[in-house]
Amino acid sequence: MAGKEVIRAVQVFSKEGMGSKVSVVKDIVIGSFLGVSLGLVWQTYHWKENERWESFYSSGSSGKAEE
């Protein structure tokens, strides 16, 4: 690396630069919250789809085709 790149790298990765603004714990908490919340939305969607299919097949279990 040449002069300006070295200075930029030192500014980014030093404790006084941008490296001090990174919070690993905060990132983990935000990522966990988003993962759990989106997982619950996805699971709820699948439960509703499963109920829909079960009601569809249970309503047609008489053996007669409805037209």
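Which side chains meet in a salt bridge with a separation of 3.1 Å, N to O? In this predicted model, the partners are glutamate 49 and arginine 52. A search of the whole structure returns 1 salt bridge. Side chains of opposite charge can pair when their charged atoms come close. The two partners fall into separate accessibility classes: glutamate 49 has a relative accessibility of 22% and therefore counts as partly exposed, whereas arginine 52, with a relative accessible area of 51%, is exposed.

The protein chain as a whole contains 2 helices and 0 strands. Of its 67 residues, 3% count as buried. The accessible area of the chain amounts to about 6,500 Å², of which carbon and sulfur atoms supply 65%.

Aromatic contacts were examined next. The structure holds 4 aromatic pairs. In one of them, the ring centres of tryptophan 53 and tyrosine 57 lie 6.0 Å apart and the ring planes meet at 25 degrees, so this pair is classed as stacked; the limit for that class is an angle under 30 degrees. Tryptophan 53 and tyrosine 57 are 4 residues apart in helix H2 and are therefore separated by about one helical turn. Phenylalanine 56 and tyrosine 57 form an edge-to-face pair, with a centre-to-centre distance of 5.2 Å and 75 degrees between the planes. Through such ring pairs, Trp53, Phe56 and Tyr57 are linked into a cluster.

Isoleucine 30 is located in helix H2, which comprises residues 24–59. With a relative accessibility of 41%, isoleucine 30 counts as partly exposed; membership of a patch calls for a relative accessible area over 30%.

How values were computed: Residues numbered from 1 in each chain as written. Predicted model: local features only at pLDDT ≥ 70, side-chain atom pairs only at ≥ 80, totals over all residues. Heavy atoms only, no water. Buried < 20%, exposed > 50% of the residue type's maximum accessible area, 1.4 Å probe, protein only. Phe/Tyr/Trp six-rings, centres within 6.5 Å; stacked < 30°, edge-to-face > 60°. Areas by Shrake-Rupley, 256 points an atom, 1.4 Å probe, with all protein chains shown as cover. Salt bridge = Lys/Arg side-chain N within 4 Å of Asp/Glu carboxyl O.
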